[in-house]
Amino acid sequence: TVHRTHFKNRDMSPMLLADAPGVQNAPLPTGQGARSLYFSLYADPAAQPEVATSFIDEQIARARELPVDLPSNINDLQAWIEERTEIVGQEYRDYLAARKNGAPRRYFGTRAHALYFIKGVAPTKLVDGAWLYGLVRQWDDVAFHPLIKTYLEELGDGLPDKNHVTLYRKLLATHGCDSWDGLDDDHFLQGALQLALGHHAEHYLPEIIGYNLGYEQLPLHLLITSYELNELGIDPYYFTLHVTVDNAASGHARKAVQSVHDLMPRVGDRDAFWQRVVNGYRLNELGASTTSVIGEFDLQDELVDIMAAKSVVGKNMHSDYCRVAGRSVNDWLAEPAQIPAFLAALEEAGWIKRGEQVEHSRFWRLVEGERAEMFGVFNAYELQVLRDWITSNPEGGQAAGPRVLTARARQRTLDQHGLGTERGTAFPVRGLIRRHTGADAQDTGNELRVLEQQVAASSGKQEAMALLARLLSPEVHHTTVGLMATRMYTQLFDA
């Protein structure tokens with residue numbers, strides 16, 4: 001049996017700490033992939049707990065072989081993050097200077113490329129903060145407060161226009177990037193790991209402290225992606241929000257360092273505890289990353305994949321008189337492997353004019369416009385991929401397209417015309433606990449009212465916090481009742 005750390009006894013014996021997850025006697029992984037585990041945990045976190053813990057142990061064993069840049073002395077941690085922040089700041093200033101002098105975007109060649117990135121990191125972003133969920137039950141232990149506060153801020157303290165998952169869900173929906181569930185295993189590894197840690201926090205406290213320490217540092221790629229998304233007319237608010245809340249002076253990075261000190265055991269093998277913290281820090285390096293997702297994008301391949309997916313339905317939907325290069329469209333679409341040749345045939349026949357504005361291509365006019373015969377076949381993301389592919393020149397370069405307002409400029413225009421905000425207005429905050437009588441009290445179909453009644457009927461703060469904690473889970477906190485529970489928990493937590 002692998003002994004693990006439990007919350008209520010942080011002053012651990014050397015034997016307990018030495019026998020940590022990831023050692024040779026850890027349970028073997030069951031073979032369930034990260035993608036499958038991700039959706040299993042999201043649907044029923046309590047099912048097959050041994051699968052989740054085996055997955056964590058497997059990842060820890062992998063991570064132990066990775067190099068680490070942490071200082072050896074925990075008293076140097078704050079200076080370390082301040083030095084890292086200074087380096088990142090200087091590198092970002094260099095980036096901005098290069099852009100000002102005419103350098104191209106570093107990450108995103110086209111708008112479709114940026115949207116591909118948004119979709120590619122969705123499995124991680126949609127469980128943002130999940131690794132900390134299991135700590136919310138420790139609200140009465142002040143040593144856990146920095147980590148709990150970090151989690152509540154990931155949840156926007158219950159306000160939907162600040163809740164990170166709500167913001168990202170809206171970003172995906174706005175740009176037609178909802179179809180991310182078919183991404184490969186590597187894209188789901190970090191999300192599955194965060195969910196598994198969050199639902200088994202009582203076993204992996206040191207690893208969670210270390211993981212949090214790594215995740216909450218300000219990376220250069222966050223600053224650059226925010227800048228380039230805005231430049232391409234994509235609202236960067238989700239990303240810029242992380243730039244501010246993760247700051248090293250008073251934000252999540254500072255709280256992460258504080259938590260290492262507050263939760264370090266006072267007796268027992270402190271070195272073994274620290275080694276588990278280090279292993280948790282290393283877990284951040286596993287799976288797909290921001291830069292790897294950006295680097296894997298290929299415009300031609302992405303369009304081929306989109307067309308191949310459409311062919312499953314479209315292969316029987318075209319009349320026989322729809323012919324390209326002497327073959328019916330249904331015939332072209334009968335086999336997904338024929339899609340590259342089909343695109344080449346459309347180009348050869350003049351249906352698509354590469355390197356020119358999309359309006360010059362007959363195929364584009366079929367899928368987009370007031371009288372487009374195939375209107376609605378492609379969503380916003382797919383249309384952007386098609387647009388960028390058509391306007392790109394196989395020899396290099398891009399046809400001039402319509403001027404794209406930066407996201408911030410578009411927001412200013414909306415504000416100036418009194419049209420509100422793209423992110424929505426602030427959520428009306430109900431009272432902490434409202435007692436209902438008469439007919440109102442009998443209305444059990446209103447979740448918010450039922451929650452208020454249950455909290456009001458609690459025997460005390462301990463019972464109320466336990467009730468609310470269940471609704472702060474990664475699967476629920478962004479829903480209407482989860483948001484309200486977060487607001488109530490936050491108010492009680494700060495009381």
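Which helices each supply at least two residues of the lining of the largest pocket? The points below take up this question after a note on the model.

1. The model is predicted; local features need pLDDT of at least 70, side-chain atom pairs count only at pLDDT 80 or more, and totals for chains, interfaces and linings use all residues. Residues are numbered from 1 along each chain as its sequence is written, and side-chain values use heavy atoms, with hydrogens and water left out.

2. The helices in question are α4 (77-100), α6 (122-125), α9, α10, α11, α12 (237-245) and α15 (290-295). Helices here are DSSP runs (H or I, at least four residues), numbered from the N terminus. The largest share of the lining, 4 residues, comes from α9.

3. The largest pocket has a volume of about 890 Å³. Of its 36 lining residues, Y215, P219, H221, N284 and T290 are the closest to its centre. A pocket is an open set of points on a 1 Å grid over the protein atoms alone where a 1.4 Å probe fits, with protein on both sides within 12 Å along at least five of seven lines; lining residues have an atom within 4 Å of a point. The volume is the space filled by probe spheres set on the points.

4. Helix α11 (residues 220-231) has end C-alpha atoms 17 Å apart, which agrees with the 16 Å that its 12 residues should span at 1.5 Å a residue. The expected span is 1.5 Å times one less than the number of residues. Because 9 of the 12 residues are buried, α11 is largely enclosed by the rest of the structure; buried means under 20% relative accessible area, with a 1.4 Å probe and protein chains only. Among the buried residues are L220, L222 and E228. Just after α11, G233 takes a positive phi of about 80°.

5. H478 lies in the loop between α24 (461-470) and α25 (480-494). It counts as buried because its relative accessibility is 11%. Leaving aside neighbours within four places in sequence, H478 is in contact with Y42, N163, V165, T166, R169 and L483, where contact means heavy atoms within 4.5 Å.

6. A search of the whole structure finds 22 aromatic pairs. Rings of Phe, Tyr and Trp (its six-membered ring) pair if their centres lie within 6.5 Å, and planes over 60 degrees apart count as edge-to-face. The rings of Y38 and W180 are edge-to-face because their centres are 6.2 Å apart and their planes are at 85°. This pair links distant parts of the chain, 142 residues apart. Y38 and W180 are both buried.

How values were computed
Buried < 20%, exposed > 50% of the residue type's maximum accessible area, 1.4 Å probe, protein only. Phe/Tyr/Trp six-rings, centres within 6.5 Å; stacked < 30°, edge-to-face > 60°.
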